Amino acid sequence: MMNEIMTSQPSWLNVLKFTGLGVALILVVILFVTYAILAERKVMAFMQMRPGPNRIGGKLGILQTLADVLKLLLKENITPKSADKLLFLVAPVIAFAPAFMVMAVIPFSENVTFANLNVGVLYYVGISGLSIIGIVAAGWASNNKYSLLGGMRAAAQMISYEIPLVLSLLGVILLTGSMNLNDIIKAQDNVWYIFTQPIAFVIFFIAAIAELNRGPFDLVEAESELVGGFSTEYTGFRWAIFMLAEYFYLFAMSSLITVLFLGGWQPVMFLGFIPGSVWFALKFLFVVFLFLWIRFTFPRIRADQLMELGWKVLLPLALANVFITAIIKEIFFR
Amino acid sequence: MIRTEEMLLNVGPQHPSTHGVFRLVVKMDGERIIEATPVVGYLHRGTEKIAEDLLYTQIIPYTDRMDYLSAMTNNYVYCHAVETLMGLEVPEKAEFLRVISMELNRIASHLVWWGTNLLDLGAFTPFLYAFREREMILNFLNELSGSRLNYSYMRIGGVKWDAPPGWIEKVQDFIPYMRKQLAGYHDFVTGNEIFLNRVQGIGKYTAEDAFNFSLSGANLRCTGASYDVRKDDPYSIYNRFEFKIPVGENGDAFDRYMVRMKEIEESINIIEQACEQFPKEGSILGKVPKVIKPPAGETFVRIESPRGEIGCYIKSEGKTKPYRVKFRRPSFHNLQILPKLLVGESMSNLVAILGGIDIVLGEVDG
């Protein structure tokens, strides 16, 4: 769909279409974010045996997030006196922009892909790595020691999980022979990669939690240690932008896991009559739930232990996985 | 040439993990702590000085506010000191009520510690589980004393209220429930790999260090030294009950965790036995004179609070007000080893170690 617009003659109509589709996507994602936050709080409440938000918007708290966003909009925007003003202002934007950019390559159903790139996987990994710059910049610009520690942790953490994350992807790419996310989904019409690449899935999932800065890898925020980490000095909507980026990544990462390991919009056998987008949504929601579940079950890991896990456990495992996959492919699927 | 710069970091007094208004001035090299200096006194209310100007009975509510998580033991140590000074006899039923309420309070206090320590380690859910059970205990104590936190339940020579009808039975019903929940806690947290990595071998010290720094309670017992005032210098009616003193081996944060968890178990055992032997008849207040005027002299008593050995020294000149009251506050003494433990640790371990000591700022600052 998008490719047609891209390859056709430039015209105002195309500009309009292009903008409209972009706005539609951002609306869908923002809607997701609104209810992901509510779902997170409800799931958390369920696991902790309490009702959760139940005042605004009936028993289910349907309007709770809306109220929270309104509250954030009304908050005073404070810039610390000794902060690096420009960087402090720009950092949330740097963190947020890549979070939306990565969504362009994700195929949500058979024919909804915004950019059918041939290097889709590489694009995702490359662009999502940019967000860290925003976080480190925020930590530096705030001129607060806790923020600085948070920013430093973000940088150290990013190096140690990003490499196993990329290496675990290699197994999938080897089996498919393509970095195009659509091709990867099409290659899974018989069996999903979660079954043929279980080790890669586990490594990718762990690294993904670290990438999302969610518990048990939420060292960057670590409210019990660093107060608020990089976002300590942020207030009002600038803080909200950071949170928005975090939930955008939750959306993107869950989609990516669905695409890479759970067969994307491919239906479960015999149930092909249900549209692909529904399948995608179901699998996607399951992955989101997994993220929430893990967050509320585990204590936080220590920064040096995360690095140890990344370098000494995940990296060798990912390498071994690539090696074994390559051998199997060479012998059996020539 | 790359060089690093030392950073002076103020942890507290408004840090989420200092459990109140405790302040630590930490000198850091990156994330490694070079030097830590605790600053206490933000919650100092001068309890001991105020007490010099109060009648003996009026001091009881002030003791609640010291260690607000286990007000019962504080009540008891003060009342016990005055009783010792006056040579008062406490009726058996009152002693039973005191023991049951103190042990319930000990469980409640350890539950708060369990929840908040895990909160420090980044696990949010256990906190709410712990508070669910604590809520039940607080309801029991509320029924008994009319108050949820600052009980002021004990009086010189006995207790204020008798157990309401059916209260003992309710506590007895709670015992198997609490045992089941405790097993659940172990399933949920104790075996968790991340948790073990966070606490094993962290904040280690030997029994000798512990004695030198005058640590007590779980902070001492985690090193393998078996010292519990309830056993070694029995007060009240503790010698009638069978219970063990759990000890650790390595003196690390994990052993402190296990010792406290086992202490909850032992407290349950004590409550179970006390409820079985609970006398139906009897008075709850001994023969106490209308005006409490201990004879001139001094006394020091000590008991085992959830945080360690809490002591009370009273010097009387035979007047209606004490000449001097002094409390040995275990949290304050337990905190002394902190600067030594923190050197060379990271910010994450700081939180784990501080949480493992189990301080209550009301008690530290007095």
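Lys27(B) counts as partly exposed, at 27% relative accessibility (buried means under 20% relative accessible area, exposed over 50%, partly exposed in between, with a 1.4 Å probe and protein chains only). The structure is a predicted model, in which local features need pLDDT of at least 70, side-chain atom pairs count only at pLDDT 80 or more, and totals for chains, interfaces and linings use all residues. Residues are numbered from 1 along each chain as its sequence is written, chains are lettered from A and ligands numbered from 1 in the order in which they are written, and side-chain values use heavy atoms, with hydrogens and water left out.

Lys27(B) pairs with Glu35(B) in a salt bridge, with 3.5 Å between the closest N and O atoms. A salt bridge here is a side-chain nitrogen of Lys or Arg within 4 Å of a carboxyl oxygen of Asp or Glu. Glu35(B) is also partly exposed, with a relative accessible area of 40%.

A second pair joins Arg65(B) to Asp64(B), the closest N and O atoms lying 3.8 Å apart. Arg65(B) is partly exposed at 38% relative accessibility. Asp64(B), at 0%, is buried.

Arg221(B) and Asp228(B) form another salt bridge, at 3.5 Å from N to O. Both residues are buried. They belong to a network of salt bridges that also links Glu103(B), Arg106(B), Arg230(B), Glu263(B) and Glu304(B). Over all chains, the count comes to 31 salt bridges.

Chain B carries 42 positive and 47 negative side chains (Lys and Arg count as positive, Asp and Glu as negative; His and the chain ends are not counted). The centres of the two sets lie 5 Å apart, each charge being placed at NZ of Lys, CZ of Arg, CG of Asp or CD of Glu.

The fold of chain B comprises 15 helices and eight strands. These are DSSP runs, numbered from the N terminus: helices are H or I of at least four residues, strands E of at least two. The radius of gyration of chain B is 21 Å, close to the 21 Å from the globule rule for 366 residues, so the chain is as compact as a globular protein of that length. The radius is taken over C-alpha atoms, and the rule is 2.2 Å times the number of residues to the power 0.38. Along the principal axes, the C-alpha atoms fill a box of roughly 80 × 45 × 35 Å.

Of the 366 residues of chain B, 60% are buried. Among contacts (heavy atoms within 4.5 Å) with a separation of 6 or more, 72% join residues 24 or more positions apart.
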